[in-house]
Amino acid sequence: MKTSVCIIGGGPSGLMLSQLLHLKGIDTIVLERQSREYVLSRIRAGVLEHGFAKLMREAQCGERMDREGEIHDGFFIAHDGRMDRLDLHQHSGGSSVVVYGQTELTRDLYEARDRMKGVVIHNAEDVQPHDLTSAQPYVTYRQGDDIIRIDCDYVIGADGFHGVSRKSIPKGVLREYEKVYPFGWLGVLSRTKPVSPELIYAKHERGFALCSLRSQVLSRYYLQVPLSDKVEDWSDEAFWAELKRRLPTEVAERLITGPSIEKSIAPLRSFVAEPMRYGNLFLAGDAAHIVPPTGARGLNSAASDIYYLYHALVAHYQQGDDSGLDRYSDKALARVWKAQRFSWWMTTMLHTFPDNGGYDQKLQATELAYLFSSERALGTLAENYVGLPF
């Protein structure tokens with residue numbers, strides 16, 4: 001087989017790039033190790049920057065998002081028994097975010113690829129890029145007993161943190177930066193009415209909590225838990241009881257509980273790999289960087305990678321201009337590190353760290369007090385939360 005761009009990874013990043021390039025007449029093949037059903041079963045974040053939403057519309061995949069997604073002009077931070085609201089619209093100069101589940105977003109992208117007869121190959125085993133520094137790179141994969149080769153101009157590694165793409169960059173070239181946090185997030189999805197029309201980030205001495213939503217009948221809640229905890233340690237009853245303890249009384253009293261339809265624990269990690277280009281391999285999304293979910297930057301950071309790659313590849317194929325490809329790594333990493341800083345700051349400000357003494361606790365309290373006493377500080381938070389320019 002032969003194509004212009006071979007994309008490893010059939011999650012939202014890979015599918016979006018494939019869709020955008022297809023609309024510009026550029027051929028792609030997407031390889032995904034898992035089945036389509038497995039990809040669509042993954043529960044992920046659902047807060048989209050305005051820039052991400054715009055990119056979905058450009059990909060002709062935004063109709064259902066615009067119809068069913070919820071525009072949020074703000075969110076709450078609960079602390080010290082009180083609720084302070086950050087008005088995103090006011091403090092960002094009129095911007096907002098869209099709450100729309102990643103599963104639904106991925107479904108929309110799959111359906112768009114189906115409509116345009118895009119090539120997305122699932123259950124592709126033993127995917128391996130080859131000759132990445134040559135002018136004729138190629139990718140092999142196995143289906144059953146057959147080894148299949150795809151010749152291409154460029155390889156896009158959008159296959160996540162554990163994928164093969166980043167591992168294809170020699171150790172002498174790759175630099176990795178990592179921070180592991182001493183806790184995880186226990187998440188529960190329930191078919192219940194959300195406790196609040198806007199997200200609530202709760203700082204509490206027992207640990208952080210987040211009240212989120214996927215729709216008006218589907219809620220997503222999180223608790224900070226020790227890394228030693230397992231899902232089996234938490235019954236639904238124990239989860240709801242602990243969540244209520246960490247929320248202000250007036251919020252806890254109106255919380256509607258119900259059976260969990262999904263429950264999982266995710267460790268928190270900050271990670272960046274540099275460079276994001278090696279020869280004709282380009283990394284995107286979780287293959288190159290991960291942030292804690294506190295600031296809702298993960299999927300949005302991946303979208304900015306796709307934005308830069310999309311425009312760079314279009315310039316290459318339509319104008320013979322390689323400047324975007326040559327600058328991709330530096331440009332993408334500049335925005336990635338800003339997202340890292342924001343996610344680290346939000347995580348540090350709102351979580352309970354087991355080794356923090358009185359001094360650190362006082363600093364956390366002072367950070368929150370300063371935030372809500374300063375228009376400029378609120379503006380900085382809002383600017384980052386709705387998304388920095390691509």
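Biologist: What do the side chains of Arg107 and Glu104 meet in?
Modeller: In this predicted model, the side chains of Arg107 and Glu104 meet in a salt bridge, with an N to O distance of 3.6 Å.

Biologist: How far apart are Arg107 and Glu104 along helix H6?
Modeller: Arg107 and Glu104 are three residues apart in helix H6, so about one helical turn separates them.

Biologist: And how accessible are the two partners?
Modeller: Arg107 counts as partly exposed, at 30% relative accessibility. Glu104 also counts as partly exposed, at 27%.

Biologist: Which residues are linked with Glu104 and Arg107 in a network of salt bridges?
Modeller: The network links Glu104 and Arg107 with Glu63, Arg64, Arg67, Glu68 and Asp108.

Biologist: How many salt bridges does the structure hold?
Modeller: The structure holds 24 salt bridges.

Biologist: Let us take another one. Which residue does Glu242 form a salt bridge with?
Modeller: Glu242 forms a salt bridge with Arg245, and their closest N and O atoms are 2.7 Å apart. Both belong to helix H8, which covers residues 236-246; because they are three residues apart there, about one helical turn lies between them.

Biologist: Is Glu242 buried or exposed?
Modeller: Glu242 is buried, with a relative accessible area of 4%.

Biologist: What about Asp84: which residue is its salt-bridge partner?
Modeller: Asp84 forms a salt bridge with Arg82, where the closest N and O atoms are 2.8 Å apart. Asp84 is buried, with a relative accessible area of 11%, whereas Arg82 counts as partly exposed at 45%.

Biologist: Why is Asp84 called buried at 11%?
Modeller: Buried means under 20% relative accessible area, so the 11% of Asp84 places this residue in that class.

Biologist: Now the backbone. What is the phi of Lys117?
Modeller: Lys117 has a positive phi of about 55 degrees, although this residue is not a glycine. Lys117 sits in the loop that runs between helix H6 (102-115) and strand E8 (119-121). The residue is exposed, with a relative accessible area of 70%.

Biologist: And where does Asp126 lie?
Modeller: Asp126 lies in strand E9, which spans residues 125-130. Asp126 is not a glycine either, yet its phi is positive, at about 50 degrees.

Biologist: One last topic: is the peptide bond from Glu274 to Pro275 cis or trans?
Modeller: The bond from Glu274 to Pro275 is cis, with omega near -5 degrees. Pro275 is placed in the loop between strand E17 (260-274) and strand E18 (277-278).

Key
Residues numbered from 1 in each chain as written. Predicted model: local features only at pLDDT ≥ 70, side-chain atom pairs only at ≥ 80, totals over all residues. Heavy atoms only, no water. Helix = DSSP H or I, 4+ residues; strand = E, 2+ residues; numbered from the N terminus. Buried < 20%, exposed > 50% of the residue type's maximum accessible area, 1.4 Å probe, protein only. Salt bridge = Lys/Arg side-chain N within 4 Å of Asp/Glu carboxyl O.
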